[in-house]
Amino acid sequence: MMVRILSIDCDYFIAASAQERDLYFPRGGDEIPHDTLRSIWKARYLQYPQLADIDVIEQFQAVKNHLILANIKEENFFRSSTHKSIKDIIDKLPEHMPLRIVNIDFHHDYYHYYSGGNYCNCGNWLRRVIEERPETEVKWIRRADSELCSLEGEFPYEHDTDITSVFDEVFDLVFICQSPEWSPPHLYHRYEELVRAALHSGSA
């Protein structure tokens with residue numbers, strides 16, 4: 001039996017291009033202390049006032065509506081501030097069980113070691129899963145200008161910019177992360193909206 005996992009990183013929905021993110025957003029890190037991160041973002045808002053005008057792309061509402069209708073059981077729904085937490089969930093699944101991961105994310109999360117050399121972090125969790133479970137099926141839903149390359153070259157698994165393709169699949173587990181290092185604070189409530197949508201579906 002294959003376990004189908006839908007992973008959603010809220011940084012996917014931010015209505016900012018890769019170039020704008022590089023310019024306006026702070027240099028990302030993994031799990032920056034809350035007070036430090038708040039100060040970093042405050043400085044970016046002061047330097048780039050246009051940050052406050054950024055909202056989410058129209059696909060946000062479509063995904064939110066889909067989560068409401070998806071009938072996700074509460075015990076099969078997970079949330080976290082950091083994407084690396086998804087590996088803890090996957091590690092609890094039997095090793096022999098095949099996986100399919102559909103990852104809605106601005107980044108492919110197939111990077112190598114970084115952030116102090118931590119074995120697993122928000123940028124390499126998918127690589128770690130595949131190293132340990134090489135038969136895992138992967139589909140990445142990306143933005144048109146998402147970075148496609150890792151050290152080995154182009155992201156080697158299925159990827160697509162059509163988020164509606166996700167709506168045809170049924171998932172056993174759903175995971176949503178906030179990624180506050182890559183999401184402007186005035187958009188944090190969008191993460192909570194998705195969480196409420198998923199929880200509402202399980203109680204409907």
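Predicted model: local features only at pLDDT ≥ 70, side-chain atom pairs only at ≥ 80, totals over all residues.
**Figure 1. Close-up of the largest cavity.** The lining of the largest cavity consists of C10, F13, I14, V56, F60, Q178, S183, L187, Y188, R190 and Y191. Helix α6, which spans residues 188-203, contributes 3 residues, the largest share of this lining. By residue class, the lining of the largest cavity comprises 8 nonpolar, 2 polar and 1 charged.

**Figure 2. Close-up of the second largest cavity.** Around the second largest cavity stand the lining residues D30, E31, S81, T82, H83, C122, S179, E181 and W182. The lining of the second largest cavity divides into 2 nonpolar, 4 polar and 3 charged residues.

**Figure 3. Close-up of strand β4 and its pairing with strand β3.** Strand β4 covers residues 137-141 and is largely enclosed by the rest of the structure, because 4 of its 5 residues are buried, that is, under 20% relative accessible area. Strand β3, formed by residues 99-104, pairs with β4 in the parallel sense over 5 bridges. Within this pairing, E137 in β4 lies opposite R100.

**Figure 4. Close-up of the pairing between strands β4 and β7.** Strand β7 comprises residues 158-160 and runs parallel to β4, to which 3 bridges join it. One of the residues concerned is K139, whose bridge partner in β7 is E158.

Definitions and conventions: Residues numbered from 1 in each chain as written. Heavy atoms only, no water. Buried < 20%, exposed > 50% of the residue type's maximum accessible area, 1.4 Å probe, protein only. Helix = DSSP H or I, 4+ residues; strand = E, 2+ residues; numbered from the N terminus. Pairing = 2+ DSSP bridges. 1 Å grid on protein atoms, 1.4 Å probe; cavity = no way out; pocket = protein on both sides within 12 Å on 5 of 7 lines; lining within 4 Å. Nonpolar A, V, L, I, M, F, W, Y, C, P; charged D, E, K, R; others polar.
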